[in-house]
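Good morning, and thank you for coming.

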Amino acid sequence: MNNPLQNQDKITFASLENGEASILFIEATHTVAEAARIHQTSPVCTAALGRTLIAAAMVAARNKDDRASVTVSINGGGPIGKLTAVSDGKTVKGTLGANRLELPLREDGKLNVGAAVGKDGFLTVVKDLRMKTPYVGQTELISGELAEDFAYYFATSEQQPCLVSLGVLVSGDTVLSAGGVMIAPMPGCSEKTIENLEMRSMFCADISRELSYDPAAVLIEKWFEGMQPQILDTQPLEYRCNCSRYKMEAALLSLGKKELQGILEDEQEGAELVCHFCHKKYHFNDADIRGLMQREEAEDDTAV
Ligand code: ZN
C-alpha cells in the first residue's frame, strides 16, 4: 500500500456517537525527534518541549482558517525557563530556555516535566487570525505537566471542556514516540456519552507508549469501540521553520539605530543572527548593515 502519510506525522480528526463528541489526535514522533535534534535536548527537556509543540498544533488545528498562526508560551518559573511553540496546524516549531536539564524521575517512573516547567506562572496563547488585533488567551498553570494546563486553558479561555493527553516517550536521546489527544463533548452531548468518555479517558493516559505500538486510527477504533468512532479527516504535521534573511533583516532593524551603529563601530566585522527555532545562522557584514540602515532611512522619508 502506498500511503503518503504512512511515515509522516499527522493530525486525525474524528467523531464519536454521530458528532456528540470530537477527537483530535496528533501523531508527532518525527516532529518531536526533529525538535530534539535541533535543540540537542536532554530527555526531560525533549518531553517538555515535545508536549508544548503537540499542544500548540492542537490549538492551531482547531482553527477553521488555516492561514491562522498560533503562538503558545509557557513560563512556569521552573528551571527549563520559557517554552514557546508556533503552529499553523500543519507545521510547528518551538524553542526553550534550558535544553540540558537532568531531573530525577517521578515516583511513577515518568520524566518530571512538572518540576522542569514549574507551575508558578501562565500559559499564554496568541492567535493571529489575520485581523487587526490578535486574540490573546491566558490561564494560570495548574501543574506544569502541560496536559491538564492545556485542558484548563481550553475550558476557560475557549469555553471547550475536554480531556487532553500529551506524551513523549524517550530512550536516551532517541524519541521513540510522541503524540497527543483532545477529546471534547460537543453541544447536545448526552450524559451517557460523557460518562462513557470519562470511563475511557484512562486509555489515553499513556498515549506515547500506546502510539509506539499502534497508529492513531487503530487506537481510536480500540479505545472508543461501541461509540461509533468515525475518522473525518487527516492532515500532515511536521517541524518546519519559515525563517528567512528578509525576516532576520527586520529583526536586526528592530534593534534600533543606536545599537546598529554600535555593531558597525565595534571590532568585529558585522553581526551573526541565529534563528531561535531552527538554529540557522544569518551573517550580515558591516556593508549589509549600512545598506539596511540607509534603506530604512529612505523608507522613513517616503513615509513622512
Ligand atoms: Zn529558523
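Contact means heavy atoms within 4.5 Å. Axes are lines fitted to C-alpha atoms, for helices over the stretch in contact, and angles run from 0 to 180 degrees between N-to-C directions.

The model is predicted, so local features need pLDDT of at least 70 and side-chain atom pairs count only at pLDDT 80 or more, while totals for chains, interfaces and linings use all residues. Residues are numbered from 1 along each chain as its sequence is written, and side-chain values use heavy atoms, with hydrogens and water left out.

I turn now to the sheet. Two strands pair if DSSP finds at least two bridges between them. The sheet is open and has 10 strands in the order β7-β6-β3-β4-β5-β10-β1-β2-β9-β8, with mixed pairing. At its edges stand β7 (135-140) and β8 (163-171); each has a single partner strand, so one side of each lacks a neighbour in the sheet. On average, neighbouring strands are turned by 15 degrees against each other, direction ignored.

Within this sheet, β2 (residues 21-27) and β9 (residues 174-185) run antiparallel and are joined by 7 bridges. Ser22, for instance, has Ala184 in β9 as its bridge partner. Helix α7 (residues 216-223) lies across β1, β2, β9 and β10, and runs at about 145 degrees to β2.

Which rings form a cluster through ring pairs? They are Phe25, Trp223 and Phe224. Rings of Phe, Tyr and Trp (its six-membered ring) pair if their centres lie within 6.5 Å; planes under 30 degrees apart count as stacked, over 60 as edge-to-face and the rest as tilted. By this rule there are 3 aromatic pairs. Phe25 and Trp223 are stacked, because their ring centres are 5.7 Å apart and their planes stand at 25 degrees. This pair links strand β2 to helix α7, 198 residues apart. Buried means under 20% relative accessible area, exposed over 50%, partly exposed in between (1.4 Å probe, protein chains only). Phe25, at 0% relative accessibility, is buried, and so is Trp223, at 2%.

Finally, the zinc ion. Its protein donors are the SG atoms of Cys241, Cys243, Cys275 and Cys278, 2.2 to 2.3 Å away. Donors are N, O and S atoms within 2.8 Å of the metal (3.2 Å for Na, K and Ca); water is not among the atoms, so sites may look incomplete. The donor residues are spaced C-x1-C-x31-C-x2-C in sequence.

How values were computed:
Helix = DSSP H or I, 4+ residues; strand = E, 2+ residues; numbered from the N terminus.
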